[in-house]
Amino acid sequence: MEYVKLGNTSLIVSKLCFGTLTIGPLQKNLPIEEGAELLAYGYQRGINFVDTAELYDTYKYIKRSIEISGKRPAISTKSYAYDKKTAEASLKKALLELNVDYIDLFMLHEQEGEHTFKGHFEAIEYFLKAKEKGYVKHFGISTHYVKAVRDSLKYPEIEVIHPIFNFKGIGIVDGTIDQMIEAVKEAYQRGKGIFAMKIFGGGNLLSDFKKALEFVFDFPYLHSVAIGMQSKFEIDYNIKCFEEKKVYLDDRLFENIKTKRLHVESWCEGCGRCVNHCHQKALRVEDRKVVVDYTKCLCCGYCSRYCSVFAIKIV
């Protein structure tokens with residue numbers, strides 16, 4: 001496994017980052033022990049970088065994986081904190097549920113640009129003070145916006161950027177993949193740590209996984225790439241590809257590839273809470289039921305958290 005310094009931070013991370021969204025309640029919802037064993041297996045194989053979020057509810061998997069393996073990965077998490085109170089609650093929750101003394105990288109989740117930076121300044125200020133005290137090692141943002149990547153260049157406090165990045169630009173809210181490429185390249189050259197997300201477009205590009213992987217392998221301005229993995233086979237396969245920067249064909253891979261879709265059950269009440277929390281604007285209410293625009297949906301599963309009748313799931 002290749003390891004790199006994450007921009008100008010102190011973190012040395014594996015090129016392959018284990019994304020935990022897919023093992024948790026918003027997607028596969030694996031039993032804690034099973035998910036933790038997968039993470040521990042990833043550490044054993046050389047992955048030392050894990051991505052999570054308060055929303056994912058996967059801290060318990062990571063905590064257990066550390067207990068099983070005896071290895072402490074670099075942990076990146078994120079929250080929607082917007083003021084001191086919510087930032088303090090998010091940090092305390094992460095430290096407690098992960099059972100760690102510090103968070104390697106704490107990010108603000110799904111930032112849109114300078115206006116959201118300013119709107120969340122109180123939270124940013126809190127995390128920076130927490131950094132001074134040693135509870136947070138580095139601070140950053142995750143984003144689906146080209147503007148946020150560009151605007152982050154004005155703020156040295158933003159050390160790491162976690163942008164959506166795939167060859168079709170699926171999920172980019174305000175531009176094209178070419179525009180994102182230019183923004184990410186400049187951020188990388190300016191010393192920001194860059195680790196990409198959703199290189200398979202939330203599952204929409206799994207039918208063209210070879211091109212999706214080759215796209216990030218051929219782009220030299222990424223320090224790491226977060227990929228969700230749900231089996232030891234997937235871990236082994238991705239590690240082999242990342243180690244050799246080559247996409248191998250394996251018959252078992254095609255057995256594992258399944259196109260994911262967001263499914264709305266018949267008992268949906270059309271309350272609209274999920275619609276209000278879909279940043280991709282992929283949901284709408286028609287005839288008192290939620291309808292999915294699959295050209296925009298990233299199958300992240302975030303919306304399911306806001307459904308009081310459990311009518312939304314990834315299938």
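Two strands are said to pair if DSSP finds at least two bridges between them. Strands here (E, at least two residues) and helices (H or I, at least four) are DSSP runs, numbered from the N terminus. The structure is a predicted model, in which local features need pLDDT of at least 70 and side-chain atom pairs count only at pLDDT 80 or more, while totals for chains, interfaces and linings use all residues. Residues are numbered from 1 along each chain as its sequence is written, and side-chain values use heavy atoms, with hydrogens and water left out.

Eight strands, in the order E3-E4-E5-E6-E7-E8-E9-E10, form a closed barrel with parallel pairing. On average, neighbouring strands of this sheet are turned by 30° against each other, direction ignored. Strand E3 (residues 16–19) and strand E4 (residues 49–51) pair in the parallel sense over 2 bridges, and glycine 19 stands opposite aspartate 51 in E4. E3 also pairs with E10 in the parallel sense, over 4 bridges; there, leucine 16 has valine 225 as its bridge partner. Valine 225 in E10 also stands opposite alanine 196. Strand E9 (residues 193–196) and strand E10 (residues 224–228) pair in the parallel sense over 2 bridges.

In a regular strand the side chains alternate between the two faces of the sheet. In E3, Leu16 and Phe18 point one way and Cys17 and Gly19 the other way, and all are buried. Here, buried means under 20% relative accessible area, exposed means over 50%, and partly exposed lies in between (1.4 Å probe, protein chains only).

Two packed helices are described by the angle between their axes and the distance between the axes. Axes are lines fitted to C-alpha atoms, for helices over the stretch in contact, and angles run from 0 to 180 degrees between N-to-C directions. The axes of helix H1 (residues 32–44) and helix H9 (residues 232–244) come within 10 Å and cross at roughly 25°. H1 and H9 are therefore roughly parallel to each other, since angles under 35 degrees count as roughly parallel, over 145 as roughly antiparallel, 65 to 115 as roughly perpendicular and the rest as oblique. Leu38, Tyr41 and Gly42 in H1 meet Lys232, Ile235 and Asp236 in H9, where contact means heavy atoms within 4.5 Å.

Leucine 153 sits in the loop between helix H6 (146–152) and strand E8 (160–163). Leucine 153 counts as buried because its relative accessibility is 17%. Beyond its neighbours within four places in sequence, leucine 153 is in contact with Glu186, Ala187, Arg190 and Lys192. The C-alpha atoms of leucine 153 and arginine 190 are separated by 7.7 Å, although these residues are 37 residues apart along the chain.

Most residues other than glycine have a negative phi, and most peptide bonds are trans. Lysine 198 has a positive phi, near 50°, and lies in the loop between E9 and helix H8 (209–217). With 15% relative accessibility, lysine 198 counts as buried. Phi of lysine 245 is likewise positive, near 50°, and this residue is found in the loop between H9 and helix H10 (251–256). Lysine 245 counts as partly exposed because its relative accessibility is 43%.
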